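Let's take a walk through a protein fold, piece by piece. Have the picture open while you read.

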Amino acid sequence: MNKNVILLIEDEEKLSRTLAEYLELNGYRVLRALNGLEGLSMFYDHMHEVDLILLDIMLSGMDGSEILKEIRKKSNAPVIMVTARDSIHDQLLNFANGADDYITKPYALAIVKVHIEAILKRAGKQKERVEVGHIAVEPDTWRVYVDEKAIETTPKEYELLSYLIKNKNVVMTRDSILESVWGYDYSGDTRTVDTLVKQLRRKIAPYGSYIRSVYGVGYIFEGEENETAEA
């Protein structure tokens with residue numbers, strides 16, 4: 001499955017790594033640059049595959065506002081400015097230079113994800129339907145189809161299924177599922193994941209075995225029947 005490509009230009013290494021890991025957990029491919037000049041160079045190298053750019057303003061090497069101007073000479077790829085600068089003047093300036101959205105620090109990772117999804121949808125870059133085997137999900141409508149028949153799911157069931165499908169054939173730990181579906185601030189335990197998986201398997205029957213348990217680790221969505229579907 002093709003993944004949307006995010007170019008992240010952020011010079012706070014810890015924040016950059018944390019945000020990149022979170023986005024990758026949610027099915028994106030992330031290209032990471034740790035200063036302005038590296039970011040612009042990476043953009044030139046990958047401009048035809050980058051779907052969205054997360055761009056800090058206060059960067060070493062080259063200011064993010066200047067990078068935005070250079071990007072706009074070559075591309076209309078969506079750009080979200082991510083910065084501690086929250087003045088109206090700064091926001092208006094960057095919007096005038098071609099920014100599509102603005103997020104101020106500190107921020108919740110889930111908020112960044114929501115902004116990205118909204119911008120990609122508006123830009124027509126987000127896939128409207130993803131099909132694996134007999135299961136299909138539609139990000140635009142949050143609907144799940146089994147053999148082309150729509151089924152009712154809760155928001156969390158949809159998010160779990162969508163997350164597993166985005167990471168098809170990759171073992172996802174219970175902790176990573178908790179972080180992606182419930183968020184980093186969730187205080188529950190991993191048994192919550194097992195309960196939701198059981199509910200989801202029942203709803204996507206007779207294809208519940210698409211979600212395979214990996215003993216002591218988590219779950220993997222394989223898109224084919226197997227004989228070890230018990231949680």
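## A word before we start

Keep in mind that this is a predicted model. Every value below was computed from its atoms.

## The four-strand sheet

Let's begin with an open sheet of 4 strands, whose order is β6-β7-β8-β9 and whose pairing is antiparallel. At its edges you'll find β6 (130-132) and β9 (149-151), each of which pairs on one side only. If you ignore direction, neighbouring strands here are turned by 25° against each other on average.

Now zoom in on two of the strands. β7 (residues 135-138) and β8 (residues 143-146) are antiparallel partners, joined over 4 bridges. Look for Val137, whose bridge partner in β8 is Val144. Helix α6 packs on this sheet, where it touches β6, β7 and β8, and its direction makes about 110° with that of β7.

## The three-strand sheet

Next up is an open sheet of 3 strands, with antiparallel pairing and the order β10-β12-β11. β10 and β11 are at the edges with a single partner strand each, so one side of each has no neighbour in the sheet. Helix α6 (residues 155-166) turns up here too: it packs on the sheet, touches β10, β11 and β12, and makes about 70° with the direction of β12.

How many bridges link β10 and β12? The antiparallel pairing of β10 (residues 172-173) with β12 (residues 218-221) runs over 2 bridges, and Thr173 stands opposite Gly218 in β12. β11 and β12 make a hairpin with 3 residues between them, and Gly216 in the turn has a positive phi of about 75°.

## Helix α5

Helix α5 (residues 109-122) has 14 residues, and its first and last C-alpha are 20 Å apart, close to the 20 Å expected at 1.5 Å a residue. Just after α5 comes Gly124, with a positive phi of about 75°.

Which residues of α5 are buried? They are Leu109, Val112, Lys113, Ile116, Glu117, Ile119 and Leu120. The buried residues of α5 pack against several elements, including β1 (5-9), α1 (13-25), β3 (52-56) and α6. Also among these packing partners are β4 (79-83) and β5 (101-104).

## The nonpolar cores

The largest nonpolar core has 29 residues, and Ile135, Leu161 and Ile177 touch the most other members. Elements that give two or more residues to this core include β6, β7, β8 and β12, along with the helices α6, α7 (174-182) and α8 (191-203). The biggest giver is α6, with 6 residues.

What does Ile135 touch, leaving aside its neighbours within four places in sequence? Its contacts are Val130, Val144, Tyr145, Val146, Leu161, Ile165, Ile204, Tyr207 and Tyr210.

Conventions: Residues are numbered from 1 along each chain as its sequence is written. This is a predicted model: local features need pLDDT of at least 70, side-chain atom pairs count only at pLDDT 80 or more; totals for chains, interfaces and linings use all residues. Side-chain values use heavy atoms; hydrogens and water are left out. Two strands pair if DSSP finds at least two bridges between them. Contact means heavy atoms within 4.5 Å. Axes are lines fitted to C-alpha atoms, for helices over the stretch in contact, and angles run from 0 to 180 degrees between N-to-C directions. The expected span of a helix is 1.5 Å times one less than its number of residues. Buried means under 20% relative accessible area, exposed over 50%, partly exposed in between (1.4 Å probe, protein chains only). A nonpolar core is a set of buried Ala, Val, Leu, Ile, Met, Phe, Trp, Tyr and Cys residues joined through side-chain atoms within 4.5 Å.
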